[in-house]
Amino acid sequence: MQSARRRDTAPELALRRRLHSLGYRYFVDRAPLPGLRRRADLLFPRRRVAIYVDGCFWHSCPEHGTLPKANADWWADKLRGNWDRDRDTDDRLATAGWTVVRVWEHTPVDDAVTEIERAFDAAPTARPWPDDGASTGTGSRKSPGNLGNLGKLDEN
Ligand SMILES: [Zn+2]
């Protein structure tokens with residue numbers, strides 16, 4: 001069964017691009033917990049913050065979530081299953097000391113960044129980003145063509 005999560009959606013890319021331009025570095029599409037195959041869209045391991053960009057349909061956004069008329073029962077089960085799994089993921093991560101931030105795909109990038117930075121401030125294990133100048137990724141990494149490799153840069 002294909003997961004509801006899809007990589008590299010436009011809202012995700014916009015958020016990644018913005019965070020990158022602000023100097024943040026992160027993993028893309030990584031599982032925060034070993035043995036739990038639920039990948040976060042963005043992962044900040046040192047801060048222990050996991051970001052999910054939830055699609056309005058698959059995750060039943062209160063504003064845009066819909067239930068298809070054909071096979072309505074199947075869809076209701078499916079979407080409810082996604083919802084329950086999201087909450088379970090949140091619980092497991094919280095138990096393991098992670099801060100989970102979920103933004104809707106409809107959330108404006110600025111608002112998403114505000115929420116994420118708030119989480120950084122509030123994260124119990126938050127540490128300042130090493131101010132060594134090297135990790136801000138100026139130079140060759142600025143090219144949008146490199147965005148797909150971000151997950152392999154700099155963290156750890
Ligand atoms: Zn929505």
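Author: A residue is called buried if 20 or more other C-beta atoms lie within 10 Å of its own, exposed if 12 or fewer do, and partly exposed in between. Please keep in mind that this is a predicted model.

Reader: Thanks! Why is Ser-60 called partly exposed?

Author: Ser-60 has 17 other C-beta atoms within 10 Å. Buried would take 20 or more, and exposed 12 or fewer, so Ser-60 is partly exposed. Ser-60 sits in the loop between E3 and helix H2 (72–95).

Reader: What makes the phi of Ser-60 worth a remark?

Author: Its value is positive, about 55°, although Ser-60 is not a glycine. Most residues other than glycine have a negative phi.

Reader: Let's turn to helix H1. How do you know that its length agrees with its number of residues?

Author: H1 covers residues 10–21, which is 12 residues. The expected span is 1.5 Å times one less than that number, so H1 should span 16 Å; its end C-alpha atoms are 16 Å apart, which agrees.

Reader: Which residues of H1 are buried, and why do you say that they line one face?

Author: The buried ones are Pro-11, Glu-12, Leu-15, Arg-16 and Leu-19. Looking down the axis of H1, these residues fall within an arc of 135°, so they line one face of the helix. Ala-10 and Ser-21, on the other side of H1, are exposed.

Reader: What do the buried residues of H1 pack against?

Author: Their partners are strand E1 (27–30), strand E2 (40–44), strand E3 (49–54) and helix H3 (109–122). Just after H1 comes Gly-23, with a positive phi of about 95°.

Reader: What makes you call E3 mostly covered?

Author: In E3, 6 of its 6 residues are buried. Both faces are covered, with Val-49, Ile-51 and Val-53 on one side and Ala-50, Tyr-52 and Asp-54 on the other.

Reader: How do you know that E3 pairs with E2 and with E4?

Author: Two strands pair if there are at least two bridges between them. E2 and E3 run antiparallel and are joined by 3 bridges, with Leu-42 standing opposite Ile-51. These two strands form a hairpin with 4 residues between them, and Arg-48 in the turn has a positive phi of about 55°. E3 and strand E4 (residues 99–104) run parallel and are joined by 6 bridges, with Ala-50 opposite Val-100. The chain crosses from E3 through H2 to E4, and this β-α-β crossover is right-handed.

Reader: What makes up the largest nonpolar core?

Author: This core has 20 residues, and among those with the most contacts inside it are Tyr-26, Leu-43, Val-49, Ala-50 and Ile-51. H1, E2, E3, E4 and H3 each give two or more residues to this core, and the largest share, 5 residues, comes from E3. In soluble globular proteins, nonpolar side chains tend to be buried together.

Reader: And which residues does Ile-51 touch?

Author: Leaving out residues up to four places away in sequence, Ile-51 touches Ala-40, Asp-41, Leu-42, Val-101 and Ile-116.

Methods: Residues are numbered from 1 along each chain as its sequence is written. This is a predicted model: local features need pLDDT of at least 70, side-chain atom pairs count only at pLDDT 80 or more; totals for chains, interfaces and linings use all residues. The arc is that of the directions from the helix axis to the C-beta atoms. Two residues are in contact if their C-beta atoms, placed from the backbone, lie within 7 Å. A crossover is right-handed if, with the strands pointing away from the viewer, the path from the first strand over the helix to the second runs clockwise. A nonpolar core is a set of buried Ala, Val, Leu, Ile, Met, Phe, Trp, Tyr and Cys residues joined through C-beta atoms within 7 Å.
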